[in-house]
Amino acid sequence: MSWMKKTALITTVASIAVVGAACGNDKGGSASSSDLKGKIAIDGSSTVFPIMEAVGEEYSMEQPDVDVTVGVSGTGGGFKRFVVGETDLSNASREIKEEEAAEAKKNNIEFTKMALAYDGLTVAVSKENTWVKELTMEQLEKIWLDPNIKTWKDVDSSYPAEPLKFFSPGKDSGTFDFFSEEVLEKKDMRKDVQLSEDDNVLVKGVEGTKGAIGYFGYAYYAENKDKLKEVPLSAEGKDAVDPTPETIKDLSYPLSREIYTYINNKSMKDKKQVADFVQFTNENAGDLAEEVGYIKMPQDRYDENAKAIEDAMK
């Protein structure tokens with residue numbers, strides 16, 4: 001069963017216990033040679049979830065007595081728990097907001113941001129949509145803001161009068177925030193949008209509706225590319241660019257971004273299993289990200305993570 005199909009079996013508020021057999025593997029080793037015990041609580045972004053699920057599964061093979069749970073309540077939902085000290089790590093498809101950081105400070109939660117991989121937020125339509133070849137960023141903004149645009153013909157007179165239906169991550173999602181900032185310039189999205197914190201719900205909605213348009217992390221498109229059609233995007237008079245591993249990595253795709261996990265520094269200092277897991281994550285996240293459909297960053301970004309982690313442990 002593929003990782004995306006496995007993910008579809010859980011709800012966005014569920015958490016999974018990542019457990020495994022006590023056997024070795026060929027990934028980078030954990031920081032400690034001794035067996036560790038205890039729990040590690042992780043929550044947050046559904047976009048980042050596949051990476052951290054994969055990391056957790058690999059880690060459990062090295063440290064089977066460490067119980068790693070990964071929740072998927074969305075970036076905002078994860079930060080709500082993280083800033084009051086309920087979780088050790090918080091997965092995020094955007095950077096922490098000022099008000100979230102302020103709440104963490106109020107609760108004496110110091111944290112370290114760790115970049116994991118590159119993602120390209122992918123705009124997708126149904127395979128039945130034969131008319132859309134590309135969209136400008138300006139068209140994309142207008143589609144998602146103007147309630148008077150009701151059919152594809154309202155977008156372009158050469159398109160058919162097929163009713164538009166919209167699928168978007170929910171407001172607790174970092175992907176929603178990123179789209180709102182990068183595409184909508186923080187204006188309010190139109191009201192007739194179906195929201196869900198579960199990216200698999202969005203994929204199914206777009207797949208099953210001829211006039212649909214939606215957006216989600218690249219891995220969800222890559223896993224379902226036989227069911228969906230991605231829309232190339234053009235910005236500032238440039239040629240339209242497809243989301244691909246190459247265009248996301250070189251940042252030529254307009255909606256390329258980094259995705260993160262945030263670490264509670266006290267957890268890292270006080271819990272040996274958390275410190276070990278964090279180092280293991282930084283050593284393996286890039287390769288595992290590529291296995292689940294995201295793009296590994298240049299090595300210097302992981303070196304920067306290692307320095308930040310070292311500084312936080314002092």
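## The largest pocket

In this predicted model, the largest pocket has a volume of about 400 Å³. Its lining is made up of 16 residues, and those closest to the centre of the pocket are R94, K97, D177, E181 and K186.

Two elements, α6 (174–182) and β13 (256–264), each supply at least two residues of this lining, and α6 gives the most, with six residues. Sorted by class, the lining of the largest pocket holds 10 charged residues, together with three nonpolar and three polar ones.

## The second largest pocket

At least two lining residues come from each of α5 (137–145) and β12 (233–234), with α5 providing the largest share, which amounts to three residues. The class make-up of the lining of the second largest pocket is seven charged, six nonpolar and two polar residues.

## Helix α2 against helix α11

Two packed helices are described by the angle between their axes and the distance between the axes. For helix α2 (residues 49–62) and helix α11 (residues 272–291), the axes come within 9 Å and cross at roughly 120°. The crossing in which α2 passes α11 is right-handed.

On the side of α2, the contact is made by I51, M52, A54, V55, G56, E58, Y59 and E62, while α11 brings Q273, D276, F277, F280, T281, A285, L288 and A289. By class, this contact of α2 with α11 comprises 10 nonpolar residues, three polar residues and three charged residues.

## Helix α11 against helix α12

Helix α11 also packs with helix α12 (residues 299–312), and in this case the angle is about 175° and the axes are 10 Å apart. Because angles over 145 degrees count as roughly antiparallel, α11 is described as roughly antiparallel to α12.

The residues that make this contact are V278, N282 and G286 on α11, which meet Y302, N305, A306 and I309 on α12. The contact of α11 with α12 has four nonpolar and three polar residues, and no charged residues take part in it.

Technical notes
Residues are numbered from 1 along each chain as its sequence is written. This is a predicted model: local features need pLDDT of at least 70, side-chain atom pairs count only at pLDDT 80 or more; totals for chains, interfaces and linings use all residues. Side-chain values use heavy atoms; hydrogens and water are left out. Axes are lines fitted to C-alpha atoms, for helices over the stretch in contact, and angles run from 0 to 180 degrees between N-to-C directions. Helices (H or I, at least four residues) and strands (E, at least two) are DSSP runs, numbered from the N terminus. A crossing is left-handed if the near helix is turned anticlockwise from the far one by less than a right angle, and right-handed if clockwise. Contact means heavy atoms within 4.5 Å. Ala, Val, Leu, Ile, Met, Phe, Trp, Tyr, Cys and Pro count as nonpolar, Asp, Glu, Lys and Arg as charged, and the others, Gly among them, as polar. On a 1 Å grid over the protein atoms alone, a cavity is a set of points where a 1.4 Å probe fits but cannot get out, and a pocket is an open set with protein on both sides within 12 Å along at least five of seven lines; lining residues have an atom within 4 Å of a point. Grid points are joined across faces, edges and corners, and a volume is the space filled by probe spheres set on the points. Angles under 35 degrees count as roughly parallel, over 145 as roughly antiparallel, 65 to 115 as roughly perpendicular and the rest as oblique.
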